[in-house]
Amino acid sequence: MKRNLTGKLISIAMSALLTLSVFSGCTDSGSSVPSDSSAPESSGEISAQESSEEVSAEKTVVNVAALKGPTGLGITYLMEQDEQGTTANDYEFTLAGAADEVLAKVISGEVDIAAVPTNAASILYHKTEKNVSVLALNTLGVLHILQIGDEVSSVADLQGKTIYSSGQGAVPEYALNYILTRNGLTPGEDVTVEWKTEHSENAAQMVAGQVSLCMVPEPFVTQITSKNPDVKIALDLTKEWDKVAENGAALTMGCMIVRNDFLEEHPDAVSAFMEEYKASVEYVNANPHEAGIISEKYDILAADVAEKAIPNCNIVYIDGEEMQSALSGFLQVLYDANPQAVGGSLPDEAFYYKK
């Protein structure tokens, strides 16, 4: 990572990225490195303690950051394994409150690997002079349209309706407009969207029954439907996207990135992370109850909310050619809607890490 990036660069990057983020988080960290210099000498034999110390000493320290929400949920089991000292690397985790916190740490070199919104990864690629690569997709779409009643069961049913949402000028707006347009509806004419500043504002109105249609991401979906039994999921935008998307494009809202200078110095550590992170994602999806407990332990989401939200969070691990096809197509959609949503231009081939 170039250490001489100025505060001005960080400020410019953050102002561009802050409005495009859809996830949030809190801070925590953990590492486990056994140490005990009092082990007795032996005559030509290596004791279990000495062997453990040698393995621990060889571990690479990897600074990893994620956000509270779906991207944080996928990493919870890896955090637990790291605390128990069973991981290949020595991980130092940061769970941040907002995307700009994570992105600033990537720019400054404080973080080696990070979970970030996919469009933010593209912007960061340009801002850091191509010093980041995408390792894998970790979250597909988490947006859902909720309703009170049963009038909407397809995108066509949205004609003449008003949807309350947040995320104007960011991924939620571009994704919704793409789906509407591909279904023959004109945003602003056939469908009206009332844009709010925060997802929480829409959630409060939906819980109170003040609106009948809203678009929110998880975990707000789970929180709303838990508090108001009259609210139900009308449309899963990930499924609706898949019905109309072309060229392998996927509604993919989160990914794992790595600083290229760290990747070049520690390729084996990055490969080990990818394997362990993949296993973490698989564990979380297969064990939502246990993952919820771990999530609460690390203050990512309350256990009951996490357990109910995980099935709708589309937490995935997709790398290689499939990752590039899904992400490049998605970024093309964003670019067509607003080039600045991806940093002004589409990233080139070097953006996609394929081991």
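This report covers the packing of helices and strands in a predicted model.

## Basis

In this predicted model, local features need pLDDT of at least 70 and side-chain atom pairs count only at pLDDT 80 or more, while totals for chains, interfaces and linings use all residues. Residues are numbered from 1 along each chain as its sequence is written, and side-chain values use heavy atoms, leaving out hydrogens and water.

## The sheet

Six strands form an open sheet with mixed pairing, in the order E2-E1-E3-E10-E4-E11. Strands here are DSSP runs of at least two residues, and helices are H or I runs of at least four, numbered from the N terminus; two strands pair if DSSP finds at least two bridges between them. E2 (90-96) and E11 (315-318) are the edge strands with a single partner each, so one side of each has no neighbour in the sheet.

E1 (residues 61-67) and E3 (residues 113-117) run parallel and are joined by 2 bridges. Alanine 65 has alanine 114 in E3 as its bridge partner.

## Helix H7 with helix H10

H7 (residues 171-182) and H10 (residues 237-244) have axes that come within 10 Å and cross at roughly 45°. Axes are lines fitted to C-alpha atoms, for helices over the stretch in contact, and angles run from 0 to 180 degrees between N-to-C directions.

In the contact (heavy atoms within 4.5 Å), Ala175, Tyr178, Ile179 and Arg182 of H7 meet Leu237, Glu240, Trp241 and Val244 of H10.
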